[in-house]
Amino acid sequence: MNTKPDDIHRLLKKAVKSQIDIGTKEIIINRNSAKLQINKCDGQTDVLNVASEAELFNQINTSTLGEPEFDSLEAHYDKICNCQKCPLGKTRNKFVYGVGNPHADLVFIGEGPGRDEDLKGEPFVGRAGKLLDKILEAIKFTRDDIYILNMVKCRPPENRDPLPEEMEACSPYLIEQLRLIKPKLICLLGRVAAQRLLDTKTPLGKLRGTFHNFMGAEVLVTYHPAALLRFQAYKRDTWEDMQKLKARYDEVTR
Ligand code: URA
């Protein structure tokens, strides 16, 4: 993974902020001894060895991944499935938690449930979902090999983009799901998921093609299947992204 030195400051700020969000009391970065000390609010201390600044960022974020609060996705689902933290809770039919292999090395993250998903309680079961299945099939995966989830668990009205505050309210759920699954790779489907998770305004076209980092996982960005249904021209790029994803998957799971 290559992290440009220019990006380090921004990445560190982001990583430190995410530590603060989960209740870290203080982070001591000692580059001379290549050690990073994270003092947590519960009085525990993590000391991490770091070889480089890029790794420093990875280490902080891996530590952010931390230990899950729940011992299974089922237990987590039971706790949150009646969520009313944002207005989408009032208008949903079903809470769309996620589907697939709870130990998957690869997780796909979409935007939010549409009409079909809201009725069934499962992500990507409508037209875009059928196309996602075909894409998966082309790289020799089924839904049982991977895990699929969304930035928000409840359907935004009229299929609009989820609002920043809705994604903010839902993000602890996504983080806990990732802590439980511990994927090595994440594929972000579309601009909304990509810009939110990578905390950037960079256009999707520019985010494609290289691996990013989120919570210690390698992240590849590609077009949302719904966009592919509208713009055939994206198919070729998506195919290239999927080849890259599959090749990296084979490497990291070898
Ligand atoms: N689009 C998404 O982003 N997620 C779904 O689950 C369905 C369509």
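1. Let's start with burial. In this predicted model, 36% of the 254 residues of the protein chain count as buried. The secondary structure comes to eleven helices and nine strands. As for contacts with a separation of 6 or more, 68% of those in the protein chain link residues 24 or more positions apart.

2. Now find the sheet. Six strands make an open sheet, in the order β4-β6-β5-β7-β9-β8, and the pairing is mixed. At the edges stand β4 (99-100) and β8 (212-214); each has a single partner strand, so one side of each is left without a neighbour in the sheet.

3. How many of the residues in β7 are buried? The strand covers residues 185-189, and five of its five residues are buried.

4. Who are the partners of β7? Strand β5 (residues 106-110) runs parallel to β7 and is joined to it by four bridges. Within that pairing, Val-107 stands opposite Ile-186, and Phe-108 has Cys-187 as its bridge partner. Strand β9 (residues 217-222) also runs parallel to β7, with five bridges joining them. There, Leu-185 stands opposite Glu-218, while Cys-187 has Leu-220 as its bridge partner.

5. Stay with Cys-187 for a moment. Leaving out residues up to four places away in sequence, Cys-187 touches Leu-106, Phe-108, Leu-220, Thr-222 and Leu-245.

6. On to β9, where six of six residues are buried. Ala-217, Val-219 and Val-221 point one way, Glu-218, Leu-220 and Thr-222 the other way, and all are buried. With β8, the pairing is antiparallel, over three bridges, and Asn-213 of that pair stands opposite Glu-218 in β9. The two strands form a hairpin with two residues between them, and Met-215 in the turn has a positive phi of about 50 degrees.

7. Why does Leu-220 count as buried? Because it has 22 C-beta neighbours inside 10 Å, and the cut-off for buried is 20 or more. Leu-220 and Ile-186 are 34 residues apart along the chain, yet their C-alpha atoms are separated by 6.3 Å. Its contacts, not counting residues up to four places away in sequence, are Cys-187, Phe-211, Asp-241, Lys-244 and Leu-245.

8. A helix crosses this part of the sheet. Helix α11 (residues 234-252) lies across β5, β7 and β9, and runs at about 165 degrees to β9. Leu-245, whose number falls within residues 234-252, is touched by Leu-220 and by Cys-187.

9. What about the nonpolar core? The largest has 47 residues, and those with the most contacts inside it are Val-107, Ile-109, Ile-186, Cys-187 and Leu-188. At least two residues of this core come from each of β5, α6 (127-138), β6 (147-150), α7 (164-181), β7, α8 (191-197), β9 and α11. Helix α7 gives the most, with nine residues.

10. Which residues are around the ligand? They are Gly-110, Glu-111, Gly-112, Pro-113, Gly-114, Glu-117, Pro-123, Phe-124, Ala-128, Gly-129, Asn-150 and Ala-226. Sorted by class, this shell has five nonpolar, five polar and two charged residues.

11. Finally, check a couple of backbone angles. Most residues other than glycine have a negative phi. Phe-124 is not a glycine, but has a positive phi of about 50 degrees; you'll find Phe-124 in the loop between α5 (115-120) and α6. Glu-158, not a glycine either, has a positive phi of about 55 degrees and is found in the loop between β6 and α7. Are these two buried or exposed? Phe-124 is buried, with 27 other C-beta atoms within 10 Å, whereas Glu-158 is exposed, with 6 other C-beta atoms within 10 Å.

Note on methods:
Residues numbered from 1 in each chain as written. Predicted model: local features only at pLDDT ≥ 70, side-chain atom pairs only at ≥ 80, totals over all residues. Near = placed C-beta within 6 Å. Nonpolar A, V, L, I, M, F, W, Y, C, P; charged D, E, K, R; others polar. Buried ≥ 20, exposed ≤ 12 C-beta atoms within 10 Å, placed from the backbone. Pairing = 2+ DSSP bridges. Contact = placed C-beta atoms within 7 Å. Axes fitted to C-alpha atoms, helices over the stretch in contact; angles between N-to-C directions. Core = buried A, V, L, I, M, F, W, Y, C linked by C-beta atoms within 7 Å.
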